[in-house]
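This note is meant for a colleague who is looking at the model for the first time. Please read the points below with the sequence and the structure side by side.

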Amino acid sequence: MALSIKTKIWLPAIAVSIGLVLMSTGSAVRTVKSQAITVKEQSDQQSKLELSARWRGLAEAQALRTLGAALAADEASAALLQGGQEQDQQELAQVQSALGTLLTTPMERAALDAATQQAQALKASLEAAQKLKAAGDAAALQAHIQSDTQGKLKAFQSAQQDMVRLIERGATELRDKAGT
């Protein structure tokens with residue numbers, strides 16, 4: 001079957017048009033997928049920032065409440081400061097678990113592990129302070145807090161701040177990547 005001249009003239013134009021439609025469709029699909037990935041990454045990064053800041057605040061408040069309870073002169077003040085700590089500990093554990101799920105890079109995991117180790121060291125120091133208070137040894141309590149607990153609190157705060165800075169740096173890199 002011989003094609004007419006009219007068909008021979010229009011075939012290349014039709015083929016080019018079909019090719020352009022296919023390329024445009026492919027490009028649109030790829031762009032939509034890329035945008036969905038970027039939105040997911042940005043959402044995860046925002047969650048990391050929010051959870052790390054929340055964990056930092058909760059953990060610092062918990063530590064300072066426990067420290068205040070150890071230093072409180074009367075039991076009523078100590079009991080007031082320690083009230084609700086079990087619930088706060090559960091919330092801390094939930095936030096830390098959520099962070100553990102979201103922090104996936106080796107650097108993020110290392111920063112979380114470092115902050116967790118410092119938190120455990122601080123908790124042990126605070127428990128020792130509580131024992132000294134229960135024993136009624138005010139001089140030993142003061143010495144322990146000054147020589148051990150304050151340093152562990154500062155180390156914990158520093159480790160948490162390092163983790164938050166790392167996550168903030170990741171957020172900045174993600175924004176820069178999305179902007180280009």
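This is a predicted model: local features need pLDDT of at least 70, side-chain atom pairs count only at pLDDT 80 or more; totals for chains, interfaces and linings use all residues.

At roughly what angle do the axes of helix H3 and helix H4 cross?

1. Residues are numbered from 1 along each chain as its sequence is written, and side-chain values use heavy atoms, with hydrogens and water left out.

2. The axes of H3 (residues 85-102) and H4 (residues 106-135) cross at roughly 160° and come within 10 Å. Helices here are DSSP runs (H or I, at least four residues) numbered from the N terminus, and axes are lines fitted to C-alpha atoms over the stretch in contact, with angles from 0 to 180 degrees between N-to-C directions. H3 and H4 are therefore roughly antiparallel to each other, a term for angles over 145 degrees.

3. On the H3 side, the contact (heavy atoms within 4.5 Å) is made by Gln89, Gln96, Leu99, Gly100 and Leu102, and on the H4 side by Glu108, Arg109, Leu112, Thr116 and Lys123. These residues divide into three nonpolar, four polar and three charged, where Asp, Glu, Lys and Arg count as charged, Ala, Val, Leu, Ile, Met, Phe, Trp, Tyr, Cys and Pro as nonpolar, and the others, Gly among them, as polar.

4. Thr116 of H4 deserves a separate look. Thr116 is buried because its relative accessible area is 16%, and buried means under 20% (1.4 Å probe, protein chains only). Not counting residues up to four places away in sequence, Thr116 touches Trp55 and Gln96; from Gln160 it is 44 residues away in sequence, yet 8.6 Å in space, C-alpha to C-alpha.

5. Met163, leaving aside neighbours within four places in sequence, is in contact with Ser52, Trp55, Leu99, Leu103, Ala111 and Leu112.

Terms used. Helices (H or I, at least four residues) and strands (E, at least two) are DSSP runs, numbered from the N terminus. Angles under 35 degrees count as roughly parallel, over 145 as roughly antiparallel, 65 to 115 as roughly perpendicular and the rest as oblique. Buried means under 20% relative accessible area, exposed over 50%, partly exposed in between (1.4 Å probe, protein chains only).
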